[in-house]
Amino acid sequence: MDIGTFFAPNVSLIVAFLAGLFSFLSPCVFPLIPSYLSYVSGMSVDELTASKTTRLKLTAIKHSLMFILGFTLVFVLLGVFSSAVGSLLHSIWLMRVSGIFIILMGLFILGAFNKIKFLSFLSSDANFNLKNRPVGLIGSVLVGIVFAAAWTPCIGPILASILFIASTMHNASEGGVLLFVYAMGLAVPFLAASFSLNIFLSTSKKLRPFIKIISVIGGIILIIAGILIFFNYLAVISLYFGNTFRYNIPYNG
């Protein structure tokens, strides 16, 4: 196997991971993370912050992992479906439409369409109304699946953009991988919060004044990605990096 090709950065995957991270930092998800973690683990926020025992920390981490598995399954299936549909319609026009849509979603995040009322659902809070959480680790997986649906309106512009990128992929497996990477962008900081909610809470207080700026950066990245997709430059850049790595990394296989 060509090691240069293996390590060559895939721009689509980078964009997907950043999109997941920006979804986590969105104003309608980030402030609710302690509540999500409390709900998933079955422990109160006070218990999570006061917990000094390894057993309680491991409980929170295990349930967080199962929760992550739940929403990852949903997003991967959405990615597979988007790529499968896109492969049936694959054409230069699908790429053009996808690019335009992603640009529009980036503009939406920047506030360009704030006065359009029927689009307000795209920035609605990710509320959940389950009163009795299913018990056990399997219950946490089910909660992750339900939360993925609850998150969808809130992170709609970003998620929809990644799904449109998935629709331009060559096959369903590539779309699944793309959405898996997107899910990891959400999962990594959530798992970090489960390791130490105290550190997360203190960090979140420092980050809160910059959430709007972070959202703007996310919108700009989507606009750039949309332009690249419209002109089919996203694949060209990935190919360029692939060739660069291939010719500059020594291979002794």
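Val15, Leu18 and Phe22 in helix 2 meet Ile214, Ile217, Gly218, Ile221 and Ala225 in helix 11. Contact here means heavy atoms within 4.5 Å. This is a predicted model: local features need pLDDT of at least 70, side-chain atom pairs count only at pLDDT 80 or more, and totals for chains, interfaces and linings use all residues. Residues are numbered from 1 along each chain as its sequence is written, and side-chain values use heavy atoms, leaving out hydrogens and water.

**Helix 2 with helix 11**

- Nonpolar covers Ala, Val, Leu, Ile, Met, Phe, Trp, Tyr, Cys and Pro; charged covers Asp, Glu, Lys and Arg; the others, Gly among them, are polar.
- Helix 2 spans residues 11-24 and helix 11 spans residues 211-230. Their axes lie 10 Å apart, at an angle of about 155°. Axes are lines fitted to C-alpha atoms, for helices over the stretch in contact, and angles run from 0 to 180 degrees between N-to-C directions.
- Angles over 145 degrees count as roughly antiparallel, under 35 as roughly parallel, 65 to 115 as roughly perpendicular, and the rest as oblique.
- Helix 2 passes helix 11 in a left-handed crossing. Left-handed means the near helix is turned anticlockwise from the far one by less than a right angle; clockwise is right-handed.

**Helix 2 with helix 9**

- Helix 9 covers residues 172-195. The axes of helices 2 and 9 come within 7 Å and cross at roughly 40°.
- Helix 2 and helix 9 are therefore oblique to each other.
- The crossing of helix 2 with helix 9 is right-handed.
- Helix 2 brings residues including Leu13, Phe17 and Phe24 to this contact, and helix 9 brings residues including Val181, Tyr182 and Pro189.
- By class, the contact of helix 2 with helix 9 has 15 nonpolar, 4 polar and no charged residues.

**Gly139**

- Gly139 sits in helix 7, residues 136-154.
- Its relative accessibility is 1%, so Gly139 counts as buried. Buried means under 20% relative accessible area, exposed over 50%, and partly exposed in between (1.4 Å probe, protein chains only).
- His63 is 76 residues away from Gly139 along the chain, yet their C-alpha atoms are separated by 8.8 Å.

**Whole protein**

- The protein has 12 helices and 0 strands. Helices (H or I, at least four residues) and strands (E, at least two) are DSSP runs, numbered from the N terminus.
- Of its 253 residues, 43% count as buried.
- Among contacts between residues at least 6 apart in sequence, 83% join residues at least 24 apart.
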